[in-house]
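Let's walk through this model together, one neighbourhood at a time. Keep the sequence and the 3D view open side by side as you read.

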Amino acid sequence: MASNNAARAPAPQDAASKPKETALLWNPDNVKDVAESLGIGNLNEEALRTLAQDVEYRIGQVIIEALRFMKGAKRSTLTTQDIASALKVLDVEPLYGYDSTRPLRYGEAGIGTGQPIFYLEDEEVDFEKLINNPLPKVPRDSNFTGMSICCVAQHRDTRSFLSSLVTGHWLAIEGVQPTIPQNPSTNESRSQELLPKGPGANPALPAVAGNQGANFRPAVKHIISTELTLYFEKVQSALLDDNPEPVAQELRAAALESVKSDPGIHQLVPYFVNFICNEVSHHMDDLFILRRMMELTDALVENPEIYLDPYASPLSAPVLTCLLGRKLGNENGQDWLNEVYLLREFSASLIGRICQKYATSNKMLRPKMTRTCLKHFLDINMPASVWYGAILGLSAAGGPESIRVLALQNFKNFSDGMLQKLKEGGNDSNQIELEAILGAIIKAIRTLLPEQNLLMANGVNGTSDRETSELKEFLGDLIGERVARLGDHQLVQTVLDARAFSAH
């Protein structure tokens, strides 16, 4: 009997020594819901309880700090501003959207379990007073304000000439808001400050709240200096001046040189890009303007002081237009054809420099340019000058690998189909275009070898009959014969080695 009592004696001591779990004010189910919304669904009860205790502790910290702000302001009502100030002191990201000039009223309701639920009480409004109150003013109609350019005369030799866009009205001048119809008046601004805000406010009752005016927020626009405005205008006028006089040509060269080297025009970059895109899209029939826009693009790319990475894609669009456009200019004849081919060649070099300079920051730039050029090169409905620009652009944008992997595999079909039609055309224009395209293709193929290897070979190695037949079989008769004429054994072997890519 005594032994049994001795055995039972320690049990009450163990029960008394075991600490009781503290009751939580924050429901752990809320923590579980948040964790599941974040993809964490395997939290155990101990982790949920620990996180709930931490939430209670953090909320207590915020409330204590907010009470300090309330007492410091000698108030007896806690406001959302006190909570925001407390969050700022505790280095916690503040809440947005909860702001009011009067305290929010919370109601309490029970759900039958003894645990209260708090809610925001709706403001009670006298229906008769609401009906008899005057209606608010009708808001002003929406409209658009056009941008204008300041024009100030200045000597043509000035380096800092150009452009500040003037907005529809001033938001503020040296910190002072001007009294103009577009800006809200002092009474309107004050009435907006006194309006109730936050979840407890009712935005549908502006008349009851005393709001008799509409809320206008002026737009903030990019402002540049008058000197830059002048600079931009002078560059525009110098580039678009088609006067053949030497003075006009000197001004054009000076403007391009200034854009190429001036470090203070970074604010004008979006305006230059927009200017180039507009001029190219609206003057496809004017080779003079297209050439000037490509020269301006070249000057922007060559300027080492400006940051063009965000504008690489929009700047490539007008260059691709000049490279692959179906019809450039509205003339005919040998001189016009030469100008078109020179413009496409210059545009191809620009595409290559843009891809090389901005491929690091824009990963998809080079693949997009290469794919676009290849698509136009293989399109049988394109004119011959487009094929010329496409093969040059493909070589410049994609480099030797694009020629080895993409172009060489398609040269046979291109030679037997498109080039053969040009050869059979018979007229002088077709023969000139045929020679130009073959020259561009040979130039692209020669990029497969480093430049020093081409200089060392210098066409003295010769090409055997077997290699010539293999080249014609792989590249087509016209292109294979031209490659064989080079007499560069190393280049021929490199081209023939590329047949391995067509097997995969």
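Contact here means heavy atoms within 4.5 Å. Helices (H or I, at least four residues) and strands (E, at least two) are DSSP runs, numbered from the N terminus. This is a predicted model, in which local features need pLDDT of at least 70 and side-chain atom pairs count only at pLDDT 80 or more, while totals for chains, interfaces and linings use all residues. Residues are numbered from 1 along each chain as its sequence is written, and side-chain values use heavy atoms, with hydrogens and water left out.

With those terms in hand, look at the chain as a whole. The chain has 22 helices and four strands. Of its 504 residues, 34% are buried, where buried means under 20% relative accessible area, exposed means over 50%, and partly exposed lies in between (1.4 Å probe, protein chains only). Among the contacts in the chain with a separation of 6 or more, 69% are between residues 24 or more positions apart.

You will find serine 395 in helix α15, which covers residues 384-407. With a relative accessibility of 15%, serine 395 counts as buried. Once its neighbours within four places in sequence are set aside, serine 395 touches Ser402, Ile403, Ala444 and Thr447.

Next, turn to a pair of helices. Helix α11 (residues 287-302) packs with helix α13 (residues 334-358) at an angle of about 20 degrees, and their axes are 10 Å apart. Axes are lines fitted to C-alpha atoms, for helices over the stretch in contact, and angles run from 0 to 180 degrees between N-to-C directions. Angles under 35 degrees count as roughly parallel, over 145 as roughly antiparallel, 65 to 115 as roughly perpendicular and the rest as oblique. The helices α11 and α13 are therefore roughly parallel to each other. Their crossing is left-handed; that term applies if the near helix is turned anticlockwise from the far one by less than a right angle, and right-handed applies if clockwise.

Which residues make this contact? From α11 they include Leu287, Leu290, Met294 and Val301, and from α13 they include Trp336, Leu343, Phe346 and Leu350. Charged residues take part too, among them Arg291 and Glu295 of α11 and Arg353 and Lys357 of α13. By class, the contact of α11 with α13 has 12 nonpolar, two polar and seven charged residues. In this scheme Ala, Val, Leu, Ile, Met, Phe, Trp, Tyr, Cys and Pro count as nonpolar, Asp, Glu, Lys and Arg as charged, and the others, Gly among them, as polar.

Two residues of α13, Ile354 and Tyr358, also reach alanine 312. Alanine 312 belongs to helix α12 (residues 312-324) and counts as buried, at 1% relative accessibility. Leaving aside neighbours within four places in sequence, its contacts are Ile354, Tyr358 and Leu365. Alanine 312 and asparagine 362 are 50 residues apart along the chain, with their C-alpha atoms separated by 7.8 Å.

Now for the cysteines. A disulfide is a covalent bond between the sulfur atoms of two cysteines. Cysteine 355 is in no disulfide, and the nearest cysteine sulfur, in cysteine 373, is 8.1 Å away. That separation is too far for a bond. Cysteine 355 counts as buried at 1% relative accessibility, and cysteine 373 counts as buried at 0%.

Helix α19 (residues 465-475) and helix α20 (residues 477-485) pack at about 140 degrees, with axes 7 Å apart. The two are therefore oblique to each other, and their crossing is right-handed. Thr468, Leu471, Lys472 and Leu475 in α19 meet residues of α20 that include Ile479, Gly480 and Val483.

Finally, consider the backbone. Most residues other than glycine have a negative phi. Lysine 74, in the loop between α4 (45-72) and α5 (80-89), has a positive phi near 60 degrees, and is exposed with a relative accessible area of 80%. Aspartate 91, in the loop between α5 and β1 (106-110), also has a positive phi, of about 60 degrees, and is exposed at 73%.

How values were computed
Disulfide = S-S within 2.5 Å.
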